[in-house]
Amino acid sequence: MHLEYEHAAASGLRRYVNTVAQELGCSGEAYYAHVDPAPAYAYIALDDRLPEHPGEDTALVWNENDGWAVAIEVTAGHELTVVRYFGRELLPPPPEVARFVGDVFAGRAPEAGPAGAADAAAVRQHLATYAIPYQERVTARPGRPAEQARRRPTS
C-alpha cells in the first residue's frame, strides 16, 4: 500500500468515528480508531448504560469485518460482548449509526448479524473519502458527475 493512501484511510476513519461520536453527543474524545494492523477497528465509549446491563459499561465498536455493534464491557474494559449488530452495511452515514444506538438503548433495534467482510482495499478506499470533513464531502448523485457537484453556482 502507498503511504499517502494508508494515511488518508487512517485519517478518514478517525474523522468518520469522530463524526459518529458527535452525532451521539458523546462527551470528550472518548474514542479510538486504527487502520493498521488489520482489521481496521474503532471504539467509542458511551456515556450511558443499557437498562438490561446496568453494571456494565457500554461501547460502540466497529471493525472492517463486522461493521458497527453496541457492546458491553464485561471485565474492567478488557473484554467486550456484543449486544446488537447494526448489520445492514459496513460504513453507514453517522446519523444512521446514532439512530441505531438510540434504538438499542430503547429496546427497538432489530436482531441483526454482522455486516459481513468486504474487500479490505475497498474499505480503505471508502474510509479515505471521509478524510474530507463529513459535511463538505462531495457525493455523486445519479445524473450529476462529482466534478459538477464540486462547482459552485455563479451568480
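Tyr-16, Trp-68 and Tyr-130 form one aromatic cluster. The model described here is predicted, and a search of the whole structure finds three aromatic pairs.

**Aromatic pair of Tyr-16 and Trp-68**

- The ring centres of Tyr-16 and Trp-68 lie 6.0 Å apart with their planes at 45°, so the pair is tilted, an angle between 30 and 60 degrees being neither stacked nor edge-to-face.
- This pair links distant parts of the chain, since Tyr-16 belongs to helix H1 (residues 3-24) and Trp-68 to strand S4, 52 residues apart.
- Tyr-16 is buried, with a relative accessible area of 0%, and Trp-68 likewise counts as buried at 0% relative accessibility.

- Phe-86 and Phe-100 form an edge-to-face aromatic pair, with 5.3 Å from centre to centre and 85° between the planes.

- Five strands make up an open sheet in the order S1-S2-S3-S4-S5, with antiparallel pairing, and its edge strands, S1 (31-34) and S5 (80-85), each pair on one side only.
- The twist from one strand to the next averages 25°.
- Strands S2 (residues 41-46) and S3 (residues 57-63) run antiparallel and are joined by six bridges; Tyr-41 has Asn-63 as its bridge partner in S3.
- Helix H2 (residues 94-106) lies across S2, S3, S4 (67-73) and S5, and runs at about 35° to S4.

Definitions and conventions
Residues are numbered from 1 along each chain as its sequence is written. This is a predicted model: local features need pLDDT of at least 70, side-chain atom pairs count only at pLDDT 80 or more; totals for chains, interfaces and linings use all residues. Side-chain values use heavy atoms; hydrogens and water are left out. Two strands pair if DSSP finds at least two bridges between them. Helices (H or I, at least four residues) and strands (E, at least two) are DSSP runs, numbered from the N terminus. Axes are lines fitted to C-alpha atoms, for helices over the stretch in contact, and angles run from 0 to 180 degrees between N-to-C directions. Contact means heavy atoms within 4.5 Å. Rings of Phe, Tyr and Trp (its six-membered ring) pair if their centres lie within 6.5 Å; planes under 30 degrees apart count as stacked, over 60 as edge-to-face and the rest as tilted. Buried means under 20% relative accessible area, exposed over 50%, partly exposed in between (1.4 Å probe, protein chains only).
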